[in-house]
Amino acid sequence: QLAHEAGGSGGVYTQLIVAGTRRHARRRPRLNPPKPRLAVAAAMDKNPETNKYVGYHREEVGSESLVGTVKHFDCHAFLVHGDADAWPGEEFDAEGDAAKTLHDAIKTAAGEHKSGVHQFKPGTSAVGKVKLNLSETGARGAAGDRAGDVIMFPQMRRHRLGADAVNDPAEVADFVRRAVVSGDDAGEALSHRAHLFVCTHMKRDARCGVCGPALIESIRDELKRLDIADDAVAVRGCSHTGGHKYAGNLLLFVPEKGLAAKVEDAGETKGVWYGYVTATEIPAVLRRTVMRGEVIPRLWRGSMGMRPDEHEAAAAAEAKRIGEPWPPLKTPCDACNEEGGGGGEE
């Protein structure tokens, strides 16, 4: 039985135990209440600046290393498919839905789906291992997107399957054979030079559902403040990327040398994953990563095409090159571990 005893302006929670033995009677009271469910916390407060349970300032932010937290894959595909608020928690499980149709077609071609990646064996896919996500339409979508589009990186191609065809298993299987297995570059080149995706998948995890939409607003506001052209950067909400606890999760597909470089000198498109992104980080992300092509080591989870065991050396080298400390400054959990204490509740 959990009882609340008022004390001053706050309150103390204590657990009353019906004791069958003296040992039970001597148990210490619980001084902290159980944490509310994340979904309930999100419903109470959608502002990530003030929601201390699932927002930017929750206890876990910065508590873990981000090194190597992205599984290896070579191609990232996004299906433009509705609003994040309507996506189920398991976005590829709904029978008859376009998301499941495409997911199943790629899985059949690959033979295995593991750790969020379609595991094509070497030589069986022109684009390599494939990760699939959903991309939002509507207010958190991008200009030019239509339901049923499949957007692929690093190919920087848009394939317009259409809302009807993407629900047809035969049509989708043919698309996978052409675009994924054979590498047919039909479709159209993407008009924007940089593409940013933020996880906004509320029904999968409230941390992304609260932080994600606010991050999209912050990014778009900062793009306007920096006078970066609307047709240069597309910003979209996307489905679960892996690593709810690292929210805000931000994926960037940008030229190797950034938008500041001339098109002919900018290099190939790279995919960079960031975690623990808050609104205060957005100016640096746009200035350094989008415009100059630099990665920010303290936020860097990994990159498309990079193996997790390669990431730490790459992050350390980049930190050294730009004169930033590596590893990042100690987090509260690191300090607890060194002192012999626990890391707190997960």
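Colleague: In the largest nonpolar core of this predicted model, which of the 32 residues touch the most other members?

Modeller: As a general idea, nonpolar side chains tend to be buried together in soluble globular proteins. In this structure, the members of the largest nonpolar core that touch the most others are L196, I219, V233, L250, L252, Y274 and V290.

Colleague: Which elements give two or more residues to this core, and which gives the most?

Modeller: Strands β10 (194-199), β11 (233-238), β12 (250-255) and β13 (269-274) do so, together with the helices α5 (206-225) and α6 (282-290). With six residues, α5 gives the most to this core.

Colleague: Taking I219 as a case, and leaving aside its neighbours within four places in sequence, with which residues is I219 in contact?

Modeller: On that basis I219 is in contact with L196, V198, V235 and L250, and also with I282 and L286. Apart from this core lies another, made of 26 residues and including A77, F92, F120 and M152.

Colleague: Which residues line the largest cavity, and what is the lining by class?

Modeller: The lining consists of A77, L102, I106, V130, L132, V150, M152, F175 and V180, with at least two residues supplied by each of α3 (98-110), β6 (130-135), β7 (149-153) and α4 (169-181). By class, nine lining residues are nonpolar, with no polar and no charged residues.

Conventions
Residues numbered from 1 in each chain as written. Predicted model: local features only at pLDDT ≥ 70, side-chain atom pairs only at ≥ 80, totals over all residues. Heavy atoms only, no water. Core = buried A, V, L, I, M, F, W, Y, C linked by side-chain atoms within 4.5 Å. Buried < 20%, exposed > 50% of the residue type's maximum accessible area, 1.4 Å probe, protein only. Helix = DSSP H or I, 4+ residues; strand = E, 2+ residues; numbered from the N terminus. Contact = heavy atoms within 4.5 Å. 1 Å grid on protein atoms, 1.4 Å probe; cavity = no way out; pocket = protein on both sides within 12 Å on 5 of 7 lines; lining within 4 Å. Nonpolar A, V, L, I, M, F, W, Y, C, P; charged D, E, K, R; others polar.
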